[in-house]
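Welcome, and thanks for taking a look at this one with us. Please have the sequence and the model side by side as you read.

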Amino acid sequence: MSGIVPPLSPEARVLLDEERASPAQPAVVRQRALARARAALTAYPDPSMPAPALARPHARRWFLVAATFTCAIAAAAGATTYELRARFAAEALPAARVVQPRAEVQPAAAPPAAPAAETTSPAPPGPRAVAPGLTRPAGRTLSSAEAAALELRILRPARAAVAREDFADALGPIAEHARRFKDGRLAEEREALRVKALAGLGRQDDARRAAAGFKVRFPRSVLLPAVSRLAQTGQ
Amino acid sequence: MSHLRLIASAARGPTPDESCLAAFQDELDYVWRTLRRLGVQPADIEDMGQEVFLALRRSWGEYDSSRPLRPYLFGIAFRLASAHQRKRVREVATGIGEVLDAAPGPDDALESKQARALVLAALERIPLPRRGVLVMHDIDGVAMTEIAKVLSIPLFTSYSRLRKARKELESAIRRQLREGGGQ
C-alpha cells in the first residue's frame, strides 16, 4: 500500500531531519513544567477529577450548561433567602423599616493579609477578596483546584505579554496575581516574570530590586540564575 | 499486621502517579515538540503540555506498558491540539519557553533555527488531520499501522492522508522558500 505514497524530496527530507533534531527545552523550562505536573498530582489526588478542559469538548459543553444551570439555581436560592431574611428582620425590628443590604467587600478594602488567605489554606474569618466568578453566597473558601485554576488564569496573560515582549501589558496581571495570591503556587513564576518585565521596560533599578527580593524569597529557585542575569544585564 | 502492611507498602513499586510522572518527565521534550508541530503556539505550549500530562494521568490505567509510549502520547497531544485549534486565537509570540532562558545554546545555530522555522511554517499550511499523520510518520518514524490505530482511522485513510500531506508539505516548503519564509 505504501506504493501509493510518493517519497519526500531530498530537500524536504533534510528539513525534516533538522526538525527531528530539535534541541531539548532549557532545564529551567523543564523544571517548571515538572513542578506544575507535580502540583497537579497534589491538587488532584483523584486522577478522574481533573478533566482536561480541552480534551472532551462535548463533555465541556455539557459541563458549562450544568454549571450555568447550577449557578442560576444558587443565585435564585440566594436571592430568596436574602429576601426572606430581610423580611424577617423587618418584621422583628419594626423600627428599622429599611433593611440595608450588606456592603459588598471591595478587593481594595481587604486587609493586606487577605490575599494570602485566598490560597488553599483555611481562610480566616472576616472579609475576603475573592474572584467575582468564584465567590459563593456563603463566602466559602476556594478549593485547591479552583485556586490553582484561577492563578493560572490570572498569570496567563502576563506570560503571553512577556513572550511577545509587551512588557507593560504584563505588569497588570502580575500585580493582580500578587494582590490576590501573594503566596500562591505560582508566586515564584510571577516574581520571575516581574523581573523580566521590568528589565524589558528598561526599569533596571526596579528590576534589580525585584530580583533581590526574588533571591531572598526563593533562594533555591531554578529560575534564580536567569532572574539574576536579567537584573544585571537586562537580557 | 501493621508491620506486614508497612513492609508490603515499602516493597511496593512506584505508584501509578509516580510512574506516570516519570514517563512524562522522560518524554517532556517530545510532547512539547509534538504540540509545536501540531500548531500549538509557543505561548500556549506550557499549558497544553500540562493538559497532556493530566490526560495521560487520567488514562494511565488503560495504557499498555508493553507498547511504545510516544505514539500513545501523540494520540493525546493530537486530540488536544485539534480541540485547541478550534478555539485558538492567533498570537505572535516567542514562547514562554524562551522567556527566562536567554542563554545562548545550540538553538542559536542560525541555520538549524531557520530550517526548523521553515518546517513549522510549512506544517502550519497542512490541515491538522493530515499533518498529524505526516508528523508521526515522517518525523517520528512511527509505522503506518500504528498511526492508524492511534488516530482511530482506517489504514487506507492514513496512507491517503500521508500522500496528500507530503504533497502539501513540498509545495508549502517551495512557497516558503520563494517568499523568504525560511530566510
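Here is a short briefing, grouped by topic.

This is a predicted model, and chain A has eight helices and zero strands. The average pLDDT of chain A is 69, with 55% of the residues scoring at least 70, so a word on confidence comes before the details of packing.

**Overall make-up**
- Read from the N terminus, the elements of chain A follow the order α-α-α-α-α-α-α-α.
- Of the 235 residues in chain A, 28% are buried.
- Among the contacts in chain A with a separation of 6 or more, 47% join residues 24 or more positions apart.

**Helix 5 against helix 6**
- Two packed helices are described by the distance between their axes and the angle between them.
- For helix 5 of chain A and helix 6 (residues 187-200) of chain A, the axes come within 9 Å and cross at roughly 150°.
- Because an angle over 145 degrees counts as roughly antiparallel, helix 5 of chain A and helix 6 of chain A are roughly antiparallel to each other.
- The crossing of helix 5 of chain A with helix 6 of chain A is left-handed.
- On the helix 5 side of chain A, the contact is made by Phe167(A), Ala170(A), Leu171(A), Ile174(A), His177(A) and Ala178(A).
- Helix 6 of chain A meets them with Arg190(A), Leu193(A), Arg194(A), Ala197(A) and Gly200(A).
- By class, the residues of this contact between helix 5 and helix 6 of chain A are seven nonpolar, two polar and two charged.

**A closer look at Ser221(A)**
- Ser221(A) sits in the loop between helix 7 (204-217) and helix 8 (224-233) of chain A.
- Ser221(A) and Glu188(A) lie 33 residues apart in sequence, and their C-alpha atoms are 7.9 Å apart in space.

Technical notes:
Residues numbered from 1 in each chain as written. Chains lettered and ligands numbered in written order. Predicted model: local features only at pLDDT ≥ 70, side-chain atom pairs only at ≥ 80, totals over all residues. Helix = DSSP H or I, 4+ residues; strand = E, 2+ residues; numbered from the N terminus. Buried ≥ 20, exposed ≤ 12 C-beta atoms within 10 Å, placed from the backbone. Contact = placed C-beta atoms within 7 Å. pLDDT = per-residue confidence, 0-100. Axes fitted to C-alpha atoms, helices over the stretch in contact; angles between N-to-C directions. Parallel < 35°, antiparallel > 145°, perpendicular 65-115°, else oblique. Left-handed = near helix turned anticlockwise from the far one by under 90°. Nonpolar A, V, L, I, M, F, W, Y, C, P; charged D, E, K, R; others polar.
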